[in-house]
Amino acid sequence: MKSLLRIRAIVGKELTQLKRDRITFGMVVMIPLIQLLLFGYAINTNIRHIPVGVVDYSKSGLSRVLIQTIEATQVVNFTRQFNNLPQAQATIANGEIRAVLVIPKDVSQRLARHQTVGLGSPPSSDEETSRPVAQWLVDGSDTIIAAAVKSLRNMPLAELLDKPPNRNTPTFEVALLYNPEQRTAVNIVPGLVAIILTMTMIMFTSGAIVRERERGNMEMLITTPVRPVELMLGKIIPYIFIGAIQVGIILGLGHILFHVPVNGGLLQLSGATFLFITASLTLGLVISTIANNQLQSMQMTIFILLPSILLSGFMFPYEGMPVAAQYIAEALPATHFIRLIRGVVLREVEIINMSSDVYWLILFTLAGLTVASLRFKKTLD
Amino acid sequence: MTDYVIKAVKLSRNFGDIKAIQNLDLEVEKGRIYGFLGPNGSGKTTAIRMLTGLLKPGSGEVEVLGYTLPEDAEKLRLHIGYMTQKFSLYEDLTVKENLEFIANVYSLSGRLKNQRVDELLGIYGLNEKKNQLVGNMSGGQRQRLSLSAAILHKPELLFLDEPTSAVDPENRREFWEQLFDLSDQGTSILVSTHYMDEAERCHKLAILESGIKCADGAPDELMQNMGAKVVEITSSNLRQLKRELLHLSGVISAAQLGARLRVLVKDTISDPVTFLSRQPCVDSDDHLSRVRPSLEDVFVISTGTG
């Protein structure tokens with residue numbers, strides 16, 4: 001009973017302090033709002049309009065039509081024309097364009113004999129058909145850009161010559177579930193919930209204990225009967241609500257602006273979010289008991305934040321990482337939450353069916369709370 | 001039998017190579033104001049932190065209000081109040097919010113809490129300021145707020161670490177009146193200070209220097225038994241006179257106070273005025289007189305500085 005009173009005292013104090021701190025209070029709303037708008041629109045893995053150049057040795061009507069047909073795919077934009085290859089390569093090197101299309105002198109012959117076009121009689125020999133129409137020189141350092149240009153490798157050319165497009169029966173039929181239009185936002189927005197919560201939740205609590213120490217309040221606080229675990233809970237509880245507000249903003253706006261579905265129901269969503277918020281908050285508290293000042297606690301927050309962005313599956317698929325990195329990713333609460341929230345929001349799973357992620361988050365919270373309470377000593381030694 | 005609220009035997013604590021407190025023996029009687037007098041860095045704060053259970057003693061035994069430290073530190077916390085040297089309440093809360101927070105932490109609630117908070121706001125003249133943010137308040141107001149926060153739960157024993165270092169003389173006077181009121185109501189108080197006049201107000205005091213207790217007792221007792229006599233000399237060339245007097249083996253120290261020189265002479269010299277006036281450096285028209293010793297003299301003698 002007294003314990004509850006003391007926890008309530010800390011919660012009340014934290015809320016009042018937060019209310020007075022206008023900028024922090026504003027950031028509670030602005031961080032998810034701005035970052036959602038920014039990343040929701042900005043992050044797109046469907047690459048469009050890559051700036052490229054062309055070296056046209058044929059200078060024919062056909063080569064111009066070829067260029068227009070390629071541009072019509074919207075994958076690339078021809079921004080530069082070059083007379084020779086060295087010039088074009090220099091422009092790739094200085095970063096102005098990402099690739100250059102080299103159209104040979106005999107482009108019309110090559111095209112006519114090309115297998116997909118199938119003109120020419122007698123039928124073209126194997127050697128001739130194996131000759132590509134033109135060549136792309138690509139700045140391959142960025143694999144995603146390179147992949148986009150590579151996707152042009154097999155673009156159909158038949159319509160170039162007013163022939164009906166030749167249709168091949170694909171080896172596999174692929175049905176895309178949950179995101180049939182392949183919109184990036186559908187995957188990004190639920191992931192953003194994890195990233196923004198990781199950032200704000202850890203940040204709020206990582207400063208919590210340190211701030212009391214820096215401002216000189218700690219000496220007073222530890223002479224009172226407040227117990228470490230009461231202090232920790234009192235520091236966490238206000239931010240659970242704040243985290244819930246942030247999730248609401250991100251998913252609500254994500255639904256309105258980016259048409260991200262929220263399929264799994266609010267109960268499941270709240271459950272997953274609650275687990276993750278408490279895990280992040282306790283992680284922040286552990287940091288707070290280690291750091292000696294707010295700058296250090298901020299550095300440690302970033303130290304956790306970066307792998308949470310890069311290894312959690314938010315940016316890059318978990319499956320693509322080496323095993324060692326996967327172990328690290330497994331330790332981060334963000335990884336488990338991203339799985340949960342994508343599952344709940346997009347695939348309508350019940351979190352209890354993803355029990356290993358649920359258990360990890362619970363375990364993480366309990367361990368964090370214990371470590372923080374044990375590390376926090378009510379002495380100045 | 002005398003009732004002691006604090007009993008410490010050979011209390012010591014080091015920080016690395018620095019001996020912050022060495023072999024401190026302490027007995028503080030119930031209901032009294034006990035002072036720690038010493039310069040900055042003499043170990044006053046360390047001693048108080050050990051007595052409040054905030055620091056573990058390196059060695060020695062401490063018993064505060066019958067609780068053995070550091071084992072019973074948590075139980076002790078309900079019975080002591082501690083006003084830290086640095087202001088330690090929340091600057092971004094108002095006066096009232098701070099007091100209510102402390103009240104909640106000590107599990108006071110409802111009517112009892114409001115009553116006590118109102119009572120304290122009244123006693124310490126904070127009623128008009130109760131909705132003001134603490135960050136915007138003066139040193140004196142903060143000090144009164146700190147005191148009221150420290151005594152909110154009506155502790156039996158109150159620790160005050162240099163409570164008046166940030167306030168003006170008028171506030172200091174008033175503050176001591178409030179301490180005597182508390183003492184009168186039965187609260188035992190341990191206060192540290194580096195002001196002589198404050199130390200003189202204590203029932204008993206201990207003089208600390210570099211972590212060692214040099215002397216203790218009631219102020220009057222200390223002054224009577226300090227082992228020196230005090231003579232004041234009025235002369236035209238005090239700087240010169242001071243330098244020459246300090247060479248005499250019978251003179252412990254000499255300090256200038258405006259137009260006078262205050263000279264401490266060893267107790268073994270029975271008539272210090274005659275002794276000094278016979279010295280060649282003292283002119284015949286210089287005026288010499290015996291004066292009552294002050295606590296500063298005690299401090300100079302016992303710490304060996306000056």
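Modeller: Tyr178(A) sits in the loop between α7 (143-150) and α8 (184-206) of chain A, where helices (H or I, at least four residues) and strands (E, at least two) are DSSP runs numbered from the N terminus. This is a predicted model, in which local features need pLDDT of at least 70 and side-chain atom pairs count only at pLDDT 80 or more, while totals for chains, interfaces and linings use all residues. Residues are numbered from 1 along each chain as its sequence is written, chains are lettered from A and ligands numbered from 1 in the order in which they are written, and side-chain values use heavy atoms, with hydrogens and water left out.

Although Tyr178(A) is not a glycine, its phi is positive, at about 65°. With a relative accessible area of 47%, Tyr178(A) is partly exposed; buried means under 20%, exposed over 50%, and partly exposed in between, with a 1.4 Å probe and protein chains only. In chain B, Leu65(B) is likewise a residue other than glycine with a positive phi, near 50°, and it is placed in the loop between β4 (59-64) and β5. Leu65(B) has a relative accessibility of 18% and so counts as buried.

Turning to where the chains meet, 26 residues of chain A are in contact (heavy atoms within 4.5 Å) with 28 residues of chain B. Together the two chains bury about 2,600 Å², of which 58% is on carbon and sulfur atoms; buried area is the accessible area (1.4 Å probe) lost on putting two parts together, summed over both. Between chain A and chain B there are three salt bridges, each a side-chain nitrogen of Lys or Arg within 4 Å of a carboxyl oxygen of Asp or Glu. Eleven residue pairs, both members at pLDDT 80 or more, are in polar contact between chain A and chain B, a term for N or O atoms within 3.5 Å, where within protein one must be able to donate a hydrogen and the other to accept it, and residues adjacent in sequence count only if both atoms are side-chain atoms. On the side of chain A that touches chain B, the elements giving two or more residues are α1 (2-20), α9 (208-214) and α10 (218-221), and α1(A) supplies the largest share, nine residues. By class, this side has nine nonpolar, seven polar and ten charged residues, with Ala, Val, Leu, Ile, Met, Phe, Trp, Tyr, Cys and Pro counted as nonpolar, Asp, Glu, Lys and Arg as charged, and the others, Gly among them, as polar.

Glu219(A), in helix α10 of chain A, is buried at 12% relative accessibility. Its side chain makes a polar contact of 2.9 Å with that of Arg49(B), and the residues that Glu219(A) touches, leaving aside those up to four places away in sequence, are Leu380(A), Arg49(B), Leu54(B), Tyr82(B) and Thr84(B).

Glu97(B) and Arg20(A) form a salt bridge in which the closest N and O atoms are 2.9 Å apart. This pair crosses between chains, from helix α3 (residues 95-105) of chain B, which holds Glu97(B), to helix α1 of chain A, which holds Arg20(A). Glu97(B) counts as partly exposed at 22% relative accessibility, and Arg20(A) as partly exposed at 29%.

Within chain B, Arg142(B) and Glu91(B) meet in a salt bridge of 3.2 Å, N to O. The pair links distant parts of the chain, 51 residues apart, with Arg142(B) in helix α5 (residues 139-150) and Glu91(B) in the loop between β6 (80-83) and α3. Arg142(B) is buried, with a relative accessible area of 17%, whereas Glu91(B), at 40%, is partly exposed.
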